[in-house]
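Student: Could you take me on a close look at a single part of this model, and then show me what surrounds it?

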Amino acid sequence: MIQAKNLKKVYSTEEVETTALNNVNIEIKEGEFVAIMGPSGCGKSTLLNIMGLLDNPSDGEYHFLGHDVSNRTERERAQLRKGNIGFIFQSFNLIDELTVFENVELPLLYLGMSADERKEKAEAALERMSMMHRRNHFPQQLSGGQQQRVAIARAVVANAKLILADEPTGNLDSDHGNEVMKVLAELNEQGTTIVMVTHSPHDADFAMRVIHLFDGHVVTENMQEGFHV
Amino acid sequence: MLKNYFKIAFRNLTKNKTFSFINVSGLTLGFSCFILISLFVLDELSFDRFHKDVDDTYRIVQTITEASGDTRNVATIAPTIGPNAKDQFPEIVNQTRLLQIGRLTVGNDPLKRDYEQIWIAGPDFFEFFDFKFLYGNPSTSLTGPNNLVITESTALKYFGKKDVLGESLYTNRFEATITGVIKDFPPNSHINMETIHTIETWAPLFDEGRWFTSNWTSNSIITYLKTAPDFKKNDLESKITDLVISNYSDEIEYSSSFWLQPLKDIHLQSAGIDGGLNANQGSNLYLYMFAIIGVLVLVIACFNYMNLSTAAASKRTKEVGMRKTLGAGKSQLIMQYLGESIILSLVSLIIAITAVEFLLPYINNISGKALALPFDSIPLLTILLSVVLLSGILSALYPAIFLSKINPSKAFKTDIKLGSSGFSLKKVLVVAQFAISIGMIAATIIIYQQLNYINSKELGFSVDNKLVIDINSGPLRAQFESIKQEFEKLDAVKSVSVSSRVPGEWKVFPIANLETFENDNRSQSIFIGADEDFISTYDIQILEGRNLRNDPADSSSVLISKQAVAELGLTNPVGQRININGTVWNGDLDDGDGYAPTIVGVVDNFHFESLHKSQKPVMIASYRNPIHNIDYYTLNIETNDWQKTIADLQAINYQFDPQNPVEYTFLDNRFEELYRADKMRGQLFLIFSGIVIFIACMGLFALASFTIESRIKEIGIRKVLGASVKDIVVMVCKDFVLLVAFGFVVATPIAWFGIEKWLTDFAYRININLSFFLLAGVIAIAIALITVSYHALKSAWINPVKTLRSE
Ligand SMILES: Nc1ncnc2c1ncn2[C@@H]1O[C@H](COP(=O)(O)OP(=O)(O)O)[C@@H](O)[C@H]1O
Ligand SMILES: [Mg+2]
């Protein structure tokens with residue numbers, strides 16, 4: 001599903017050049033659950049953004065679903081992203097002015113679906129995340145764990161093949177964090193590919209494979225015990 | 001403490017440069033407009049108030065009700081009324097009269113002669129009013145024959161110096177002796193004259209002066225009264241009315257009443273009053289309109305400040321939270337905020353005053369006023385300072401109270417969003433700004449449409465390439481046939497006509513009371529005496545019958561217009577005789593003298609007057625008619641060298657009359673002149689609506705920047721979820737467009753009402769419909785979109801990775 005060869009990402013500002021990624025080679029197959037770990041500032045989010053087609057690499061090759069997407073325009077990337085990739089963020093990134101239902105429905109809106117279709121799919125996703133009873137609430141009225149479940153519902157509502165999660169439990173206490181991890185594991189069992197950035201070894205245990213980044217390099221790639229590809 | 005405030009204020013202003021720039025420039029524009037309009041309004045209100053007895057001074061106005069039921073107000077009345085009323089009614093302390101009787105050729109140097117209007121004033125005129133004398137004695141200068149008072153610029157014009165007391169001045173009627181030189185009449189005086197003559201000089205013309213003491217029915221003389229402090233106005237008015245009516249003969253067919261118009265109302269409230277003297281006449285309607293615009297522009301600028309400060313306040317929550325934690329009280333915080341905005345207002349005011357000083361010469365040039373910033377004027381200074389304080393306070397109050405309410409523990413956490421709910425002050429202000437802008441754009445569009453309409457309206461005759469030359473003297477009038485022949489010999493001259501009046505409003509048109517012998521119908525027609533070339537020179541259509549002939553046998557032939565035929569109800573007009581039952585001259589009835597001409601032709605209707613007035617029926621009589629002598633040549637000219645043509649014409653004129661200078665006018669200029677005031681209004685509206693929409697857009701620009709900044713994360717999320725650039729731009733702009741659209745809804749009925757009122761001033765006018773306002777709305781929305789789309793596009797192009805990275 002994902003092949004990255006010699007990925008490089010350099011951020012240049014007026015004062016400094018930061019090499020966030022250097023010679024990263026990664027391959028992720030469909031149905032995998034991969035955790036990315038590493039100290040703060042080592043390039044995890046940068047990698048996730050490139051994988052999620054939010055950003056172009058400065059150098060190297062990146063193949064997504066068989067397309068070479070190393071240097072696509074923003075519009076092309078957005079087109080490829082739509083419906084294929086779901087994002088989950090540490091800070092949930094729900095829109096405060098919209099209800100739970102409206103938040104979940106949003107990606108379908110941008111896919112141009114009809115209202116009926118949107119309603120059906122959004123309700124199914126909320127059902128799946130056990131959040132239907134809160135469909136008319138606003139995000140601020142929910143607990144952190146509930147908010148993240150809504151965010152996951154939003155990530156899966158369009159049947160994304162790949163879910164990219166950047167520290168999904170980072171803002172949650174351990175109970176709520178566990179809840180979210182279980183949901184992600186379930187999704188993975190049902191066939192969704194998941195790439196997750198995390199600091200927590202406990203969370204990483206849910207993944208089949210853990211990639212360790214340090215200073216923009218992949219240092220180790222371990223298969224978790226009990227998982228075989 | 002105070003120093004600390006200033007420091008913070010200064011730093012805040014310099015830190016947010018765009019914000020401060022927009023605020024200061026918005027307020028500066030607002031203040032500049034406000035100051036200019038205040039100066040204008042104060043000047044309009046100051047008319048005639050320099051007379052020390054202004055509150056006790058009145059002008060007598062006559063309301064005439066014709067037999068037909070029509071009423072007119074006339075400021076020129078009979079000469080006997082003033083003196084008799086003063087003698088009989090003790091509440092009248094004093095009276096004085098003014099009479100205008102045509103023009104004189106003036107000037108000792110034959111080459112520098114010019115025409116001056118003849119104003120005759122009673123001997124007590126300069127004691128009655130407080131005009132300043134430079135040389136001479138105010139109480140005696142207007143007595144004795146051939147004595148003349150002139151203004152200082154008239155003295156400079158004819159003598160090259162001001163002190164000309166006792167010197168003599170040539171006029172084509174008499175040798176004048178200067179008995180007084182006065183300062184020029186101030187620009188804010190409704191009375192404005194160049195030369196003022198004594199009654200004795202002109203008495204021979206008025207039945208040896210007896211006319212002044214015996215005529216009770218003429219409408220010719222302006223009469224001012226001064227009253228005792230506790231007089232009863234209504235009583236005096238009916239006493240004057242009774243006095244005049246008791247002196248009317250039985251033959252008078254109209255009824256009259258008299259009323260007193262306060263001196264201080266003459267300038268602004270004389271709409272609908274004919275005759276009299278009213279230099280630079282103003283109008284209450286426009287005064288109110290300008291005052292409203294002045295306040296609106298200022299309010300719009302304050303709205304900007306209020307909006308931007310409120311938006312910026314959300315960014316200052318941390319500073320304010322910190323201050324509160326450190327023990328700052330609510331009132332101290334409010335004070336700090338007010339201080340900042342008052343400083344900003346003051347800075348803007350200073351820039352505005354400088355700008356106004358700079359602009360005033362140009363504005364005076366256009367408006368013909370002598371506006372100046374009187375730094376010693378207490379009222380103006382008070383107004384300006386209160387406006388600064390008020391706008392400072394108003395602008396800052398809302399954000400200040402908002403900020404002071406901030407709970408310090410919350411302030412540190414997040415940026416608090418302001419007014420994101422459906423109804424917020426911010427939105428109301430934007431709606432108000434755009435409502436005002438749309439109203440003004442619509443007004444501008446409609447004014448220009450109306451002017452266009454007037455310019456393109458068929459007048460029924462041609463004004464192009466016409467040169468009009470006045471027949472100003474006896475010799476010219478006597479030899480007009482030879483002069484006409486000389487004119488016609490010039491190559492450039494295609495045709496020449498003589499007539500008693502020409503189109504446009506130069507002098508009053510005599511109105512003839514037409515009666516048929518066939519039925520009881522009557523028509524009040526404009527009366528023009530003309531030769532046979534008039535019709536071809538002006539390109540007027542003859543519908544029926546034939547043209548006039550110069551032949552003496554045709555001396556009692558007339559043409560009448562279609563409208564006159566209709567009013568008279570004639571079925572077979574050609575060949576019929578019409579009785580002229582007197583002519584009205586400037587409201588004065590001249591009894592008929594048995595002149596009953598025959599209609600030889602019917603001409604198409606044409607507009608001889610401004611389109612502010614409705615079309616009148618016209619009678620064109622042979623120039624040999626007994627009613628009105630010829631007064632003008634009209635020359636149809638085709639030339640590439642106007643200068644030479646005019647020099648040739650002058651030479652011919654000089655040959656026949658070396659005494660009097662030639663006076664010529666281009667007819668099309670004269671017609672443009674009729675709408676000069678309307679044009680100026682159109683331009684002013686264009687300028688003001690430009691300013692208003694500019695200020696509103698600056699506000700919108702900054703507001704969009706704040707609003708979009710506060711939504712930048714949301715925009716990022718939406719983009720990650722698949723929103724395209726177009727989706728984002730549409731989403732962001734939609735909100736602002738909705739506000740502008742709402743402004744349209746608010747503006748339309750109010751502007752419609754106001755513009756309708758303006759249009760009633762025209763007898764010929766366009767009809768307004770929604771499309772004008774829709775156009776204004778579309779313009780406003782387009783401008784708003786352009787303004788907002790800069791920020792919208794910028795935000796939509798940002799890679800969401802950047803905006804969502806803040807964890
Ligand atoms: N938009 C950016 N501009 C400049 N530098 C950036 C940008 N995004 C990330 N970086 C830098 O790249 C490096 C990697 O960042 P990031 O991928 O966010 O790390 P992580 O998610 O592992 O904490 C850091 O040094 C960070 O400061
Ligand atoms: Mg990160």
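Tutor: Happy to! First a definition: helices (H or I, at least four residues) and strands (E, at least two) are DSSP runs, numbered from the N terminus. With that, find Leu236(B), which sits in helix α8 (residues 233–246) of chain B. Before going on, note that this is a predicted model, where local features need pLDDT of at least 70, side-chain atom pairs count only at pLDDT 80 or more, and totals for chains, interfaces and linings use all residues. Residues are numbered from 1 along each chain as its sequence is written, chains are lettered from A and ligands numbered from 1 in the order in which they are written, and side-chain values use heavy atoms, with hydrogens and water left out.

Is Leu236(B) buried or exposed? Leu236(B) has a relative accessible area of 0%, so it is buried (buried means under 20% relative accessible area, exposed over 50%, partly exposed in between, with a 1.4 Å probe and protein chains only). Leaving out residues up to four places away in sequence, Leu236(B) touches Phe89(B), Glu91(B), Ile92(B), Thr227(B), Phe231(B) and Leu260(B); contact here means heavy atoms within 4.5 Å. Phe258(B) is 22 residues from Leu236(B) in sequence, and their C-alpha atoms are 9.4 Å apart in space.

Now compare a loop residue. His612(B) lies between β21 (598–603) and β22 (618–622) of chain B. With a relative accessible area of 23%, His612(B) is partly exposed. Setting aside neighbours within four places in sequence, its contacts include Leu674(B), Tyr675(B) and Asp761(B).

Let's step back to the whole chain. Chain B holds 25 helices and 24 strands, and 53% of its 807 residues count as buried. Among its contacts between residues at least 6 apart in sequence, 79% join residues at least 24 apart.

In soluble globular proteins, nonpolar side chains tend to be buried together. A nonpolar core is a set of buried Ala, Val, Leu, Ile, Met, Phe, Trp, Tyr and Cys residues joined through side-chain atoms within 4.5 Å. The largest such core here has 165 residues, and Met51(A), Tyr62(A), Phe64(A) and Phe461(B) have the most contacts inside it. Domain 1 (2–43 + 285–454 + 676–804) and domain 3 (466–671) of chain B both give residues to this core, so it lies between them; the domain bounds come from an automatic or database domain assignment. A second, separate core of 43 residues includes Ile77(B), Val106(B), Ile118(B) and Leu243(B).
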